[in-house]
Amino acid sequence: MRTIYVNDCGPKPAPCVATIGFFDGVHRGHRFLIDRVAAAARASGLESTVITFDRHPRQVLHSDYIPQLLSTFEMKLRLLAATAVDNCAVLRFDERLARLSARDFMEYVLRDRLNVRKLVIGYDNRFGHDRAEGFDDYVRHGCELGIDVVLNPAFVVDGLDLSSSLIRKLVTAGDVATANRYLGYRYCIEGHVVAGFQEGRKIGFPTANIDLSASEQLVPGCGVYAVTVEVDHDGQQREGMMNIGSRPTFGGQTVTVEVNIFRFAADLYGRTLTVTFADRIREERKFKDTAALARQLMKDQLQIERQFEKEKEHEESSC
């Protein structure tokens with residue numbers, strides 16, 4: 001996939017079939033749409049292009065908006081690169097772009113700048129100033145501008161129209177197993193390790209405290225999770241368990257995100273961890289003392305290790 005950072009100058013790309021959206025998480029519904037775009041492009045002898053933005057539009061439209069996203073911009077590009085699309089055109093979303101009407105956007109950006117000949121619209125996508133117009137308007141504008149506009153149906157799972165907002169609700173509720181099924185891959189978050197309270201170390205379960213204060217990613221709901229952990233993007237997945245919560249046994253008041261990597265003793269301070277969620281195994285709860293907590297953590301580790309072992313056995317039997 002070629003990534004094109006769109007500006008007012010530069011060469012005009014080849015004629016293409018395109019779709020447009022924020023594509024948070026690049027979930028199965030997005031990939032269904034992108035596959036249709038790629039197929040239509042091949043049938044027409046054109047290139048396929050996904051058009052997206054460098055930031056969430058609401059960050060420009062509402063100054064107090066704090067994103068809670070399924071993927072960082074870098075993650076989104078990696079996920080898009082794994083699809084069949086030829087190009088990803090990245091638009092800088094600013095006030096000037098936000099003021100464009102749907103017709104002006106289609107004329108000056110889609111036709112004149114990106115050479116779009118066919119536009120495939122997601123079932124729930126609207127664009128243009130204040131999102132004031134809809135699909136029928138896009139078709140009318142397209143007829144005037146020489147852009148064929150078609151509607152892509154929703155991707156339905158479990159009787160639900162799959163969307164990023166639906167998956168965000170699942171992640172917020174801690175139901176990462178269902179979220180993963182809808183995403184088509186396992187949800188992950190990324191952050192730097194900072195100094196923590198070191199209470200886990202005292203009971204035999206040292207944890208790395210992950211700072212997500214500057215992250216725009218959505219943190220799953222409180223609980224204990226089966227996870228794998230990659231250190232500094234080294235490609236090695238290490239099994240572990242993550243606790244998201246306020247540490248009620250220790251009288252904590254603020255939510256922390258801490259991970260214990262099984263049988264791992266290296267210093268992690270300042271390093272980047274990518275934590276991938278397999279499942280939530282239980283809710284966070286207060287124990288009568290640290291000894292009771294330690295016993296539960298031992299049970300949690302055994303349960304997680306058995307779960308990952310079963311996954312490996314299943315993968316081997318499927319080969």
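Which residues have the most contacts inside the largest nonpolar core? They are Met242, Leu273, Val275 and Phe277, in a core of 31 residues. A nonpolar core here is a set of buried Ala, Val, Leu, Ile, Met, Phe, Trp, Tyr and Cys residues joined through side-chain atoms within 4.5 Å. Buried means under 20% relative accessible area, with a 1.4 Å probe and protein chains only.

The model is predicted: local features need pLDDT of at least 70, side-chain atom pairs count only at pLDDT 80 or more, and totals for chains, interfaces and linings use all residues. Residues are numbered from 1 along each chain as its sequence is written, and side-chain values use heavy atoms, with hydrogens and water left out.

**The chain as a whole**

The protein chain holds 10 helices and 14 strands. These are DSSP runs numbered from the N terminus, helices being H or I with at least four residues and strands being E with at least two. The C-alpha trace spans about 75 × 50 × 35 Å along its principal axes. Of the 319 residues, 48% are buried. Among contacts (heavy atoms within 4.5 Å) with a separation of 6 or more, 74% join residues 24 or more positions apart.

In soluble globular proteins, nonpolar side chains tend to be buried together. A second, separate core has 28 residues, including Phe53, Ala89, Tyr138 and Val149.

Leaving aside neighbours within four places in sequence, Phe277 is in contact with residues including Val176, Asn180, Cys188, Val227, Met242 and Ile244.

Strand 12 (residues 238-245) is mostly covered, with 7 of its 8 residues buried. Two strands count as paired if DSSP finds at least two bridges between them. The pairings of strand 12 are listed below.

| Partner of strand 12 | Sense | Bridges |
|---|---|---|
| Strand 11 (residues 223-231) | antiparallel | 7 bridges |
| Strand 13 (residues 256-261) | antiparallel | 6 bridges |

Gly240 takes part on both sides. In strand 12, Gly240 is the bridge partner of Val227, and Gly240 also stands opposite Ile261 in strand 13. The hairpin of strand 11 and strand 12 has 6 residues between the strands, and Asp232 there takes a positive phi near 50°.

Note on methods: Buried means under 20% relative accessible area, exposed over 50%, partly exposed in between (1.4 Å probe, protein chains only).
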